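Please look over the packing and strand pairing in this model. A short report is needed.

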Amino acid sequence: QVQLVESGGGLVQPGGSLRLSCAATGSIFSIYFMGWYRQAPGKQRELVSGITSGSTNYADSVKGRFTISRDNAKNTVYLQMNSLKPEDTAVYYCNMGITIVTMAGGDYWGQGTQVTVSS
């Protein structure tokens, strides 16, 4: 079994910052992908940022403002969000591609954390 637990969401004023964290626990052999998605009311879930062992990618809307990073020893991915805008308001979900100890691969999701940017 694998669980992803997110933290760090909340209410922030425009221009402010938040840092999201997502830690994976369980029978993990390796993690080949870590990423953050978000879903605003009435909109489809979209990829915000992803990170593998060799590269990172960002949605155009967050480039230069958000930074993704990972701590392999802790099986944790972070999303540092700066210069937040009202349009960043959404539920943020972490996603990981994980190989478990039986060598089976799977796609895992966190429970979601609300980020609200408002004055």
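Predicted model: local features only at pLDDT ≥ 70, side-chain atom pairs only at ≥ 80, totals over all residues.

Residues are numbered from 1 along each chain as its sequence is written, and side-chain values use heavy atoms, with hydrogens and water left out.

**Core**

The largest nonpolar core has 30 residues. Such a core is a set of buried Ala, Val, Leu, Ile, Met, Phe, Trp, Tyr and Cys residues joined through side-chain atoms within 4.5 Å. Buried means under 20% relative accessible area, exposed over 50%, partly exposed in between (1.4 Å probe, protein chains only). Trp36, Leu79, Met81, Tyr92, Met96 and Ile98 touch the most other members. Elements giving two or more residues to this core include β1 (2-7), β4 (28-39) and β9 (90-100). β9 supplies the largest share, six residues. Strands here are DSSP runs (E, at least two residues), numbered from the N terminus.

**Strand β9**

β9 is mostly covered, with 10 of its 11 residues buried. Its pairings are tabulated below; two strands pair if DSSP finds at least two bridges between them.

| Strands | Sense | Bridges |
|---|---|---|
| β4 and β9 | antiparallel | 10 bridges |
| β9 and β11 | antiparallel | three bridges |
| β9 and β10 | antiparallel | five bridges |

Asn95 in β9 is the bridge partner of Gly35. Val91 stands opposite Gln114 in β11. Gly97 has Asp107 in β10 as its bridge partner. β9 and β10 form a hairpin with four residues between them. Met103, in that turn, has a positive phi of about 75°.

**Gly110**

Gly110 lies in the loop between β10 (105-109) and β11. Gly110 is buried, at a relative accessible area of 11%. Ser7 is 103 residues away along the chain, yet the C-alpha atoms of Gly110 and Ser7 are separated by 9.8 Å.

**Charges over rings**

A charge sits over a ring if NZ of Lys or CZ of Arg is within 6 Å of the ring centre and within 35 degrees of the ring normal. The charged end of Arg19 sits over the ring of Tyr78, 4.0 Å from its centre. Arg45 lies over the face of Trp109, 4.8 Å from the ring centre.
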